[in-house]
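The sequence and structure are shown first.

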Amino acid sequence: MSVLVVGSTALDSIKTPYRENPRLLGGSASHAAVAASFFGPVKLVGIVGDDFPRPYRQLYLRHRIDISGLQTARGKTFHWSGEYEVNMNNRRTLATELGVFEAFTPTLPPSHRDASFVLLANIAPSLQHHVLDQVRRPRFVVADTMDLWLNVALKELLRLLPRVDAFVLNDSEARQLTQEDNVISAVRRIHRLGPKYVIVKKGEHGAILSAPSGFFLSPAYPLERLVDPTGAGDSFVGGLIGYLASRSGPLEVNLRRAMIYGSAVASFCCQGFGLTVTTKTTRTGIEKRVRELARMVSF
Ligand code: AMP
C-alpha cells in the first residue's frame, strides 16, 4: 500500500564543526519520503519555489516518489539553516526563511485522498489538520512535530492528537509537552491526550514505542562517525511507516519491526550531509543493518 507523506520540502544549509554545505535538499517530507520509498510507493505533498533545483526533483523521481502533489509557486523555497556543536547532539537553528511556505495550503490531488497510510511529517499543526480533513478513511495516521509548534501552536497540536493513531516526538519535546521530567510518565500523559501509540525518539539512544501491549525499545544503529544528523528523525518515521504499509498481518507486531527498520534507515541518513548517503542506500543495505540490530538485542 502506498504512503502519503505531507511536510516541509526545503533547502537546508548545514554547518558542522568539520564542514559547511549550503542549499542541500532537505525538509521533513523529503527525508521521510525517501526513507519510505525503500519499502513501496510513496506520494509526496509539499511546496517549493521556482528556485528549486531540477536535480532535486529528479532525486524524488529516482526514488519513484509520486510528486504530482508537490506544488511549485513563484518565490523562494523554504530555507532552513542550522549549526551543530562538536558533540553533534546540540543543534542551533541559524535561520528559517519560510518563502513559499508562508502561503502553503496542502491540497491533496483526488488520487491521494484514499491513502491508507498517512505521515503528517513536521509542519504547522493547522496544515496537518487540513490534510486529515481531506483523506477519506486512512488505516493508520502518524504525526510528527517539533518544539516550535509546542511553543507557538500548542492548541492546534492538542486538537490534532485525538485524530492520529501514532504520535512521534523526541524526549525533550515529550517533557515540554507534559511538564513531566520522566519520559515514561510523559508517555502515559500523551496517551491520555489521544494517540493509541506514542513513539519517543532519543537520538543515539534509540526510540521507545508505547502501545496497548506495552513498551518496545528500539536501539539506534551504533555509528562511530556522524557526519550530519539532520533529518534522522524524519528518516526514522519515514522508514517506519514505509515498512508498516508494506506488511500485512497484525499491526502491532509489524509496528515493532517497523521501529527497527526506521532505526536502520535513520543510521544511513546520519552518515552523510542531507540526503547524500540515504539516497545511495539499497533495501539490501537496510536489511543487513536490521539483521545486525537483531543480533545486538538478542539475549
Ligand atoms: P530533524 O533533523 O529530524 O529535526 O529534521 C530536520 C529537517 O526539518 C530539516 O530538513 C529542515 O528543513 C526541517 N525543518 C526545520 N524547521 C522546520 C519548520 N519550522 N517546519 C518544517 N520543517 C522544518
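## Strand pairing

Strand S2 (residues 10-15) and strand S3 (residues 20-26) run antiparallel and are joined by 5 bridges; strands pair if DSSP finds at least two bridges between them. The two strands form a hairpin with 4 residues between them. Within this pairing, Leu 11 stands opposite Leu 25 in S3. Strands (E, at least two residues) and helices (H or I, at least four) are DSSP runs, numbered from the N terminus.

This is a predicted model, in which local features need pLDDT of at least 70 and side-chain atom pairs count only at pLDDT 80 or more, while totals for chains, interfaces and linings use all residues. Residues are numbered from 1 along each chain as its sequence is written, and side-chain values use heavy atoms, with hydrogens and water left out.

## Ligand site

The ligand is surrounded by 18 residues (a heavy atom within 4 Å); the closest are Ser 8, Asp 12, Gly 27, Gly 231 and Asp 234. S2, helix H4 (147-152) and helix H8 (232-246) each supply at least two residues of this shell.

Polar backbone atoms of Gly 27 and of Gly 231 each lie 2.7 Å from an oxygen atom of the ligand. A polar side-chain atom of Arg 91 is 2.9 Å from a ligand oxygen atom. The protein buries 88% of the 510 Å² that the ligand exposes when taken alone (Shrake-Rupley method, 1.4 Å probe).

## Residue in helix H5

Leu 158 is located in helix H5 (residues 154-160). Leu 158 counts as partly exposed because its relative accessibility is 33%, between the limits for buried (under 20%) and exposed (over 50%).

Note on methods:
Buried means under 20% relative accessible area, exposed over 50%, partly exposed in between (1.4 Å probe, protein chains only). A polar contact is a pair of N or O atoms within 3.5 Å; within protein, one must be able to donate a hydrogen and the other to accept it, and residues adjacent in sequence count only if both atoms are side-chain atoms.
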